[in-house]
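Biologist: I'm new to this one and would like to go through it with you. Could you put it up, and then I'll ask as we go?

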Amino acid sequence: MKSVYIHIPFCNDICTYCDFCKMYYNCDLANKYLISLNNEIASNYKGELIETLYIGGGTPSSLSIMQLKKLFTIINIFNLSQLKEFTFECNVDSLDYDKLKLLYDNGVNRLSVGIQTFNNDILKVLNRKHTKNDIINIYNIARSIGFNNINLDLIYGIQDIEVLNDDLNNLIKLNPEHISCYSLCINPNTKMYIDNKKQINEDLDYKMYSIIKKRLKEYNHYEISNYCKKGYESKHNLVYWNNERYYGFGLSACGYINNYRYDNTKNMNEYNKGNYIREKYIISNEENIKYEIMLNLRKKYGINKREFYDKHNINIINYNNISNLINENKLIENENNVYISERWKYKMNSILIKII
Ligand SMILES: C[S@@+](CC[C@H](N)C(=O)[O-])C[C@H]1O[C@@H](n2cnc3c(N)ncnc32)[C@H](O)[C@@H]1O
Ligand code: SF4
């Protein structure tokens, strides 16, 4: 086990599209939550060396300076002597120089900032409280402090193609090391779903995916939604896609330890009572193989044939109907790997169903 995810479920405002586990920031509740989080970690962490740490949300940057300091004392329990990557998720609306400096001084070496779009009108529709200028200011402050590994999150499908191109111009100008581009997903229970004003158009979505891929040609499209400069792949997220073990702490967090996966409760009262885990399920060998195929195929180079054989004693080519999919050019096989062909990447689910 070399990775830890910690969930901070608070946000200053709730975006119209968001279905994540989040709630309005409340100072007292956040203080209480940090106590529970500390207890959960202290009673489950077994002292392993941690190489990647990811604090996500919600919006971890919505915590106050005092609470962030508390959070940094909580994570001191981990053996971080070999820490390679420490990511902290932020929203532009809750960042300023002091918070960014505190993150930097406490070892955060990768910032992941939600921007979604640079278009002020669309930002308002999404209920984002920052503007295009705020994004640029915060980005420049982060750079001036010394952050040299910044991810910016963009959503596509919320804007038309002209605005998307403008978003890409702005992104390319800022030149972050990493860009996550998520296709808009409209989930029930979100304001966007209830208002029913925005529909997903799959053809337009695919067109946007293709535009993004073309325009971000200087970046390595290493995972279906993720682009990076050379050497800036997210080490933590690769742990998930490589089907490796990790701890998940906090409300709604998931983890994978030994031979089981677990989901934490999404209920704050239960969590604060110490009932952290909602469901725990043993993963059989067969299920583990399926997880691995599903997760590996998200990556540009998909499944490494030798590693797969060494781990499972199975030649991936002989697994289910992989060879048929290769014959149909939906999967590509080269000397070392099996991966989804570019044309089918966007329709990955239809391929996964055939394999799994
Ligand atoms: C935890 S948030 C990032 C940090 C911060 N909470 C924020 O929003 O600025 C993770 C990212 O998921 C993406 N996201 C959330 N809901 C989405 C949806 N319904 N469709 C597509 N992307 C979504 C957004 O790009 C968002 O920045
Ligand atoms: S997108 Fe980010 S800021 Fe918006 S509600 Fe979701 S977690 Fe909170």
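This is a predicted model: local features need pLDDT of at least 70, side-chain atom pairs count only at pLDDT 80 or more; totals for chains, interfaces and linings use all residues.

Biologist: Which helix is arginine 306 in?

Modeller: Arginine 306 belongs to helix 12, residues 305–312; helices (H or I, at least four residues) and strands (E, at least two) are DSSP runs, numbered from the N terminus. Between the C-alpha atoms of arginine 306 and tyrosine 33, which are 273 residues apart along the chain, the separation is 44 Å.

Biologist: Now ligand 1. Which residues come nearest to it?

Modeller: There are 17 residues around ligand 1, and Thr59, Gln116, Arg128, Asp153 and Cys185 come nearest; a residue is near a molecule or strand if one of its heavy atoms lies within 4 Å of it.

Biologist: And which strands supply that shell?

Modeller: At least two residues each come from strand 5 (85–91), strand 6 (110–116), strand 7 (150–156) and strand 8 (178–183), and strand 5 gives the largest share, 3 residues. By class, the shell around ligand 1 has 7 nonpolar, 7 polar and 3 charged residues, where Ala, Val, Leu, Ile, Met, Phe, Trp, Tyr, Cys and Pro count as nonpolar, Asp, Glu, Lys and Arg as charged, and the others, Gly among them, as polar.

Biologist: What lies 2.8 Å from an oxygen atom of ligand 1?

Modeller: That is a polar side-chain atom of arginine 128. On the backbone side, an N or O atom of glycine 58 is 2.9 Å from a nitrogen atom of ligand 1, and a polar backbone atom of tyrosine 17 is 3.1 Å from a nitrogen atom of the ligand. Of the 560 Å² of accessible area that ligand 1 has on its own, the protein covers 93%; accessible areas come from the Shrake-Rupley method with a 1.4 Å probe, and for residues only the protein chains shown count as cover.

Biologist: What surrounds ligand 2?

Modeller: Its surroundings include Cys11, Cys15 and Cys18, together with Tyr17, Gly58, Thr59 and Arg128. The shell around ligand 2 divides into 5 nonpolar, 3 polar and 2 charged residues.

Biologist: Back to glutamine 116 for a moment: what is its phi?

Modeller: Phi of glutamine 116 is near 75 degrees, which is a positive value in a residue other than glycine. Glutamine 116 sits in strand 6 and counts as buried, because its relative accessibility is 6%. Asparagine 329 also has a positive phi, of about 65 degrees, although it is not a glycine, but asparagine 329 lies in the loop between helix 13 (322–327) and strand 16 (331–333) and is exposed at 53% relative accessibility.

Biologist: Which residues does leucine 37 touch?

Modeller: Not counting residues up to four places away in sequence, leucine 37 touches Ile6, Ile8, Leu71, Phe249, Gly250 and Tyr271, where contact means heavy atoms within 4.5 Å.

Biologist: And where is isoleucine 8?

Modeller: Isoleucine 8 is in strand 1, residues 3–8, and counts as buried because its relative accessibility is 0%. Leaving aside neighbours within four places in sequence, the contacts of isoleucine 8 include Tyr33, Leu37, Gly58 and Thr59.

How values were computed: Residues are numbered from 1 along each chain as its sequence is written. Chains are lettered from A and ligands numbered from 1 in the order in which they are written. Side-chain values use heavy atoms; hydrogens and water are left out. A polar contact is a pair of N or O atoms within 3.5 Å; within protein, one must be able to donate a hydrogen and the other to accept it, and residues adjacent in sequence count only if both atoms are side-chain atoms. Buried means under 20% relative accessible area, exposed over 50%, partly exposed in between (1.4 Å probe, protein chains only).
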